[in-house]
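Here is a short note for a colleague who is new to this structure. Please read the points with the model open beside you.

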Amino acid sequence: MATLYTHKAENIRKTWLLVAVFLAVVVGIGYFLAYYYQNPGILTFAIIFAVSMNILAYWNSDKIALSMARAVPADPAQYPELHRIVENLAITAGLPKPNVWIIPDSAPNAFATGRNAEHASVAVTQGLLQILDRSELEGVIAHEFSHIGNRDILLQSMVAVLVGFIAILANMFTRSLWWGGRRDDREGNGANILTIVGIVFVILSPIIAQLIQLAISRHRESLADASGALLTRYPEGLANALRKIEQYSRPMQTANNATAHMYISNPFGPKALSGIQRLFMTHPPIEKRIKDLEDMSV
């Protein structure tokens, strides 16, 4: 029988498998470009540039995300209950209390960011505080603490940077084809076929990278639901919060594709998607998340 711990272990394995595939895509693109242009330095440059971008994201991703959400520090005098909930859950989770931020938006939502537990932030919208009771708000905050404790906040920054890096590489290569840049291929049909396959792969790689990013995001949300339920020992709290969030149909004013995967719910509002559209979802369907939480409480 599946337990909370079963869900957690399964999602961790799937997430790191997807990250491994993602990194393989990055190295594969660099290797092909080095082969195509007969310049081994391209692969070296690609790896160095990717590492440099990750270092930059490591130090500044939280500031960028909070700025894009127009978040402001939550005044303890104005939001004492929110600060008490965050502090109590921090003690329960054995983590430092994160900085608390308010997003001036009527849509109910929340996200966590930061490079590690010692430099983490939790941001909630004004709309979330207005519609949730204490147990439901605890469920949402516990979900965000799970992202912090599971190091998802660092993982999401790494993946976001790699997605952008792959898009840049693919764009540069596509432009070079129009400029006439190509390798002098005298190695026969086998090499020609490899070149064609490589070109198609590089051109499609931004789409592949985006699908991997979204898949990682969906698994992270499922893992955070399970871990958050473990933290509060009350899965119904988060399940009820998700029900209320789903009923709010209008998107956030600060909704942005770059940060959509960070929120507890899709900031563009709930959408009924099916078939291939589900591949491009930033979050698992809320009805499935609620059902999983209900199963956990049995």
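1. Start with the largest cavity. Its lining is made of 13 residues. Pro108, Tyr248, Arg250, Asn266 and Gly269 lie nearest its centre. This is a predicted model, so please keep that in mind throughout.

2. What is the lining like by class? For the largest cavity, eight of the lining residues are nonpolar, four are polar and one is charged. The space in this cavity comes to about 70 Å³. A search of the whole structure gives three cavities of 30 Å³ or more.

3. Next, look at helix H3 and helix H5. H3 covers residues 80-93, and H5 covers residues 134-149. Their axes come within 10 Å and cross at roughly 50 degrees. The crossing of H3 past H5 is right-handed.

4. Which residues of H3 and H5 meet? H3 brings Glu81, Leu82, Ile85, Val86, Asn88, Leu89, Ala90 and Ala93. H5 brings Arg134, Leu137, Glu138, Ile141, Ala142 and Phe145. Sorted by class, the contact of H3 with H5 holds ten nonpolar residues, one polar and three charged.

5. H5 also packs against helix H8, at an angle of about 95 degrees. The axes of H5 and H8 are 7 Å apart. Angles of 65 to 115 degrees count as roughly perpendicular, and H5 and H8 therefore fall into that class. On the H5 side, the contact uses Ser135, Glu136, Gly139, Val140 and His143. On the H8 side, Gly237, Leu238, Asn240, Ala241 and Lys244 take part. This contact of H5 with H8 has three nonpolar, five polar and two charged residues.

6. H8 has a further partner in helix H9. H8 spans residues 235-247, and H9 spans residues 286-296. Their axes lie 9 Å apart, at an angle of about 160 degrees. Are H8 and H9 roughly parallel or roughly antiparallel? Angles over 145 degrees count as roughly antiparallel, and H8 and H9 are therefore roughly antiparallel to each other. H8 passes H9 in a left-handed crossing.

7. Finally, the contact of H8 with H9. From H8 come Pro235, Leu238, Ala239, Leu242, Arg243 and Glu246. From H9 come Ile286, Glu287, Arg289, Ile290, Leu293, Glu294 and Met296. By class, the contact of H8 with H9 has eight nonpolar residues, no polar ones and five charged. Leu238 of H8 is listed in the contact with H5 and also in the contact with H9.

Note on methods
Residues are numbered from 1 along each chain as its sequence is written. This is a predicted model: local features need pLDDT of at least 70, side-chain atom pairs count only at pLDDT 80 or more; totals for chains, interfaces and linings use all residues. Side-chain values use heavy atoms; hydrogens and water are left out. Axes are lines fitted to C-alpha atoms, for helices over the stretch in contact, and angles run from 0 to 180 degrees between N-to-C directions. Helices (H or I, at least four residues) and strands (E, at least two) are DSSP runs, numbered from the N terminus. A crossing is left-handed if the near helix is turned anticlockwise from the far one by less than a right angle, and right-handed if clockwise. Contact means heavy atoms within 4.5 Å. Ala, Val, Leu, Ile, Met, Phe, Trp, Tyr, Cys and Pro count as nonpolar, Asp, Glu, Lys and Arg as charged, and the others, Gly among them, as polar. On a 1 Å grid over the protein atoms alone, a cavity is a set of points where a 1.4 Å probe fits but cannot get out, and a pocket is an open set with protein on both sides within 12 Å along at least five of seven lines; lining residues have an atom within 4 Å of a point. Grid points are joined across faces, edges and corners, and a volume is the space filled by probe spheres set on the points. Angles under 35 degrees count as roughly parallel, over 145 as roughly antiparallel, 65 to 115 as roughly perpendicular and the rest as oblique.
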